[in-house]
Amino acid sequence: MSDCSGRPADWVNPLRDKRDKRMPRIAGPCAVVIFGVTGDLARKKLMPAIYDLANRGLLPPSFALIGFARRDWADEDFGNVVHDAVKQHARTPFRQEVWDRLAEGFRFVQGTFDDDAAFERLRDTLRKLDEERGTGGNHAFYLSIPPNAFPQVCEQLSKSGLANKPDGCWSRVVIEKPFGHDLASAEALNGVVNSVFPESSVFRIDHYLGKETVQNILALRFANELFEPVWNSHYVDSVQITMAEDIGLGGRGGYYDGVGAARDVIQNHLLQLLALTALEEPVSFSPAELQAEKIKVLSATRLAEPLDETTSRGQYAAGWQGGEKVVGLLDEEGFSKTSTTETFAAITVEVDTRRWAGVPFYLRTGKRLGRRVTEIALVFKRAPHLPFDATMTDELGQNALVIRVQPDEGITLRFGSKVPGHLMEVRDVSMDFSYGSAFAEDSPEAYERLILDVLLGEPSLFPVNAEVELSWKILDPALEHWAEQDKAGGRPDAYESGTWGPDSAFEMLQRSGREWRRP
């Protein structure tokens with residue numbers, strides 16, 4: 001009979017570890033329970049990521065996966081659902097022997113979140129798996145469900161005894177965004193979750209932090225003497241962080257209305273990218289040290305004022321996207337004709353530290369923009385051009401270092417170079433690094449990395465309470481400002497689909513003589 005004396009979750013073969021410190025860590029004995037297993041996230045991301053981890057040899061033979069939902073399914077039915085999801089969305093080749101071994105650990109529990117008996121069945125199922133498959137009493141609960149259901153599920157996990165573990169075993173909860181609706185709701189949500197799970201056992205998923213290029217920000221800065229000396233206000237004029245989508249709501253109107261671009265993207269993804277870009281060098285890359293530096297940066301970050309001039313919001317109107325005529329937001333199915341929910345949001349923030357004083361950080365996100373792209377651009381100050389007259393440099397822009405997060409992961413450095421010929425003419429050129437061409441192995445999908453980190457108990461890539469609450473503290477004044485505009489009869493500015501946002505976003509930078517990059 002298995003107990004909690006199995007190998008720890010971050011177990012590594014000591015012989016392999018002595019030979020090569022780069023060998024991946026393999027999860028120890030454990031089981032994952034997915035609530036919301038019938039949803040798109042579970043089907044398109046979670047189940048395929050779990051298979052890909054198994055296919056890469058990063059899950060133990062004793063691993064188990066349990067689905068929890070209202071459907072009247074047997075274990076075999078659940079297995080068929082996982083099989084279809086893996087076949088359709090997995091990134092690694094399908095191997096029957098891997099699948100057969102993984103499928104032995106599939107179980108399904110039918111029930112609703114208010115059903116005490118269902119959580120008792122879940123507890124009994126996990127106990128049997130501990131005994132039969134040796135999952136070691138280690139359980140991760142993935143809440144792929146609406147945030148308003150978090151309190152009820154956490155309470156049921158507590159009541160059934162699943163949240164509390166004896167020494168040597170672990171119980172962890174995984175929470176998908178949004179982490180609240182504003183600061184007050186985030187504090188309340190954190191209070192509910194932490195009343196059941198200690199903060200060290202709470203893993204808030206921000207899938208952007210699992211992307212290879214995002215993690216490479218730290219390597220770029222601190223492993224290269226080339227960049228860190230100019231990574232400050234002496235040389236950097238501004239920082240632009242963009243997450244643009246070329247799609248509309250696509251049937252998600254019911255979810256999106258009342259949320260909007262700022263809550264959906266700026267509060268989590270973009271402010272996390274800002275923190276990694278602006279933080280000071282940590283003592284080490286241990287979770288505690290890295291989180292401490294991110295908290296310092298977010299504590300020093302505030303919205304620039306006046307908000308009428310330093311923020312912008314918009315809603316996409318009809319236009320052309322990829323050669324196709326598309327409708328505007330208010331004509332999307334399931335969306336209110338009178339809604340003031342923004343599909344584009346841009347804010348200006350200032351980081352009040354010695355390194356960044358005086359450097360504006362511009363954050364923008366939107367739907368139905370010119371193309372799908374996420375990037376961080378450090379735009380450098382202009383050189384004085386003392387040896388050159390104006391005609392020599394009239395085609396020269398500002399130097400820029402651009403970190404491309406998606407879709408073409410890599411880094412671009414833009415600088416001036418002489419145009420071939422008899423005249424001294426300087427023009428912008430670019431040096432480009434691409435992950436796809438520089439490395440033979442594909443970057444792991446973000447959910448693969450994050451799910452494995454949950455099973456290993458590695459919290460570096462997961463925002464803690466303080467980060468979530470500080471992010472809301474930064475964004476709330478903009479949300480409140482826009483709400484006051486709505487009360488006075490205002491509306492988000494319209495922008496044509498396929499463009500780069502409303503005029504007010506461009507005016508936001510033009511007031512200081514700057515302009516947005518066009519990715």
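Hi everyone, and thanks for coming. Please keep in mind throughout that we are looking at a predicted model.

Let me start with the domains. The domain assignment gives domain 1 as 31–176 and domain 2 as 212–511. Their centres, taken over C-alpha atoms, are separated by 34 Å. On the domain 1 side 19 residues take part in the contact, and on the domain 2 side 13 residues do.

How much area do domain 1 and domain 2 bury between them? About 1300 Å², with 67% of it on carbon and sulfur atoms. Within domain 1, the residues that lose the most area to domain 2 are Leu-53, Arg-91 and Arg-172, together 34% of what that side buries.

Between the two domains the count is 3 salt bridges, along with 6 residue pairs in polar contact. Arg-91 turns up again, in a salt bridge with Glu-448 whose closest N and O atoms are 3.5 Å apart. As for who supplies the domain 1 side, α2 (40–55), β4 (139–143) and β5 (171–176) each bring at least two residues, and α2 has the largest share, with 7 residues.

Now, on to the active site. The UniProt record, an unreviewed entry, lists His-269 under "active site". You will find His-269 in helix α10, residues 260–278. Is His-269 buried or exposed? It is buried, with a relative accessible area of 2%. Leaving aside residues up to four places away in sequence, His-269 touches Lys-177, Asp-206, His-207, Tyr-208, Met-243 and Asp-264. Its side chain also makes a polar contact with the side chain of Asn-268, at 3.3 Å.

Two of those neighbours pair with each other: Asp-264 and Lys-177 meet in a salt bridge, 2.8 Å from N to O. That pair links distant parts of the chain, with Asp-264 in helix α10 and Lys-177 in the loop between β5 and α7, 87 residues apart. Asp-264 is buried as well, at 8% relative accessible area.

For contrast, have a look at Asp-331 and Lys-337, whose salt bridge has its closest N and O atoms 3.0 Å apart. Here Asp-331 is exposed at 51%, and Lys-337 counts as exposed at 54%.

To finish, the salt-bridge count for the model comes to 29. Among the residues involved, Arg-221, Glu-228, Glu-280 and Arg-355 are linked in a network. Thanks, and I'm happy to chat!

Technical notes: Residues are numbered from 1 along each chain as its sequence is written. This is a predicted model: local features need pLDDT of at least 70, side-chain atom pairs count only at pLDDT 80 or more; totals for chains, interfaces and linings use all residues. Side-chain values use heavy atoms; hydrogens and water are left out. UniProt positions are given in the numbering used here, feature names are shortened, and annotations may be inferred rather than shown by experiment. Helices (H or I, at least four residues) and strands (E, at least two) are DSSP runs, numbered from the N terminus. Buried means under 20% relative accessible area, exposed over 50%, partly exposed in between (1.4 Å probe, protein chains only). Contact means heavy atoms within 4.5 Å. A polar contact is a pair of N or O atoms within 3.5 Å; within protein, one must be able to donate a hydrogen and the other to accept it, and residues adjacent in sequence count only if both atoms are side-chain atoms. Domain bounds come from an automatic or database domain assignment. Buried area is the accessible area (1.4 Å probe) that two parts lose on being put together, summed over both. A salt bridge is a side-chain nitrogen of Lys or Arg within 4 Å of a carboxyl oxygen of Asp or Glu.
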